Amino acid sequence: MPLYGAIEAGGTKWVCAVGSGPEYLHETVRIPTTTPAETLGLALAFFRRYPELAALGIGSFGPVDLHRGSPTYGWITTTPKPGWANTEVAGVFARELDVPVGFDTDVNAAALGEYRWGAAQDVNTFVYITVGTGIGGGVMVGGRLLHGLLHPEIGHMLIPHDRTADPYTGACPFHGDCLEGLAAGPALLGRWGQRGETLPAEHAAWVLEARYLALACANLALIISPERIILGGGVMQPHMLPLVRAELKQALRGYIRMPQFDEVAHYIVSPGLGDRAGLLGALALAEVTG
Ligand code: ZN
């Protein structure tokens, strides 16, 4: 079996692995995201120990440039993360390791992982969303990851916000009350004064949280017509899925009439790969690149 490299390049840590599938991960290391020189240097040192690598896949925090032919293809571009704006990533690994490099957003990579080994193996148009410190989403349409003008920025979609029911103004530095501003971890803390992990399952926070996520899912269902929506991330605790499903039905008022959709338990699901979706997605990216 060919050996592939994978990098889940996050804003706080890079997880690097070599292997050929979920059951065949030979070695995994975690490297803190400090400076580009240090973090890329440590990642390169790790992969140099595997000269037999067939390809490398990188799922990166962003925004990133995904336009092949662009002078900054494979770069992290306008990130607010200090020191990381306009950082070349994919090209560095391609030159230094002399292997084909697949590069995409962290969430598009995770979507690919779910398609290859997880909860989306039986569909080819679906959305993967992670709800944590931020909200991100990857989209596959007809078996291809969606890029377009930039890449989907699902976390920043604008959704209805009833300021009488929820006067919280939102945490997004760009938009205030976009989806991420209303429903990511910092919004839970800002609105309720405690972190999501400490809010009991019966707290009113979760119905409101589910409503915002369901509104986002409704918009996605109407615009992209996905066959499934995968919801993961630290905020998506097990008690959340039934709430989101109920709120989604409420939001759409029976407008979408498809048998798959009536089986809403199969429409809104957890990641099949759990918190390994990002890393295994990067591995899947290597597999389709090599
Ligand atoms: Zn925003």
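Strand 1 (residues 4-9) is largely enclosed by the rest of the structure, because 5 of its 6 residues are buried; buried means under 20% relative accessible area, exposed over 50% and partly exposed in between, with a 1.4 Å probe and protein chains only. Please keep in mind that this is a predicted model, where local features need pLDDT of at least 70, side-chain atom pairs count only at pLDDT 80 or more, and totals for chains, interfaces and linings use all residues. Residues are numbered from 1 along each chain as its sequence is written, and side-chain values use heavy atoms, leaving out hydrogens and water.

**Strand 1 and its partners**

- Helices (H or I, at least four residues) and strands (E, at least two) are DSSP runs, numbered from the N terminus.
- Strand 1 runs antiparallel to strand 2 (residues 13-21), with 6 bridges joining them; two strands pair if DSSP finds at least two bridges between them.
- A hairpin of 3 residues links strand 1 to strand 2, and Glu8 has Val15 of strand 2 as its bridge partner.
- Strand 1 is also joined by 6 bridges to strand 4 (residues 55-60), and these two run parallel.
- Gly5 has Leu56 of strand 4 as its bridge partner.

**A closer look at Ser20**

- Ser20 belongs to strand 2 and is buried, with a relative accessible area of 14%.
- Leaving aside neighbours within four places in sequence, Ser20 is in contact (heavy atoms within 4.5 Å) with Met1, Pro2, Tyr4, Trp117 and Leu283.

**Two crossing helices**

- The axes of helix 3 (residues 106-117) and helix 10 (residues 277-289) come within 7 Å and cross at roughly 80°; axes are lines fitted to C-alpha atoms, for helices over the stretch in contact, and angles run from 0 to 180 degrees between N-to-C directions.
- Helix 3 is therefore roughly perpendicular to helix 10, a label for angles of 65 to 115 degrees.
- Residues making this contact include Trp117 of helix 3 and Leu283 of helix 10.

**Nonpolar cores**

- A nonpolar core is a set of buried Ala, Val, Leu, Ile, Met, Phe, Trp, Tyr and Cys residues joined through side-chain atoms within 4.5 Å.
- The largest one has 40 residues, and Leu213 and Ile229 are among those with the most contacts inside it.
- Helix 6 (204-224) is one of the elements giving two or more residues to this core, and helix 6 gives the most, with 12 residues.
- Leu213 touches Val131, Ile135, Leu179, Ala183, Met236, Met240 and Val244, not counting residues up to four places away in sequence.

Key. Parallel < 35°, antiparallel > 145°, perpendicular 65-115°, else oblique.
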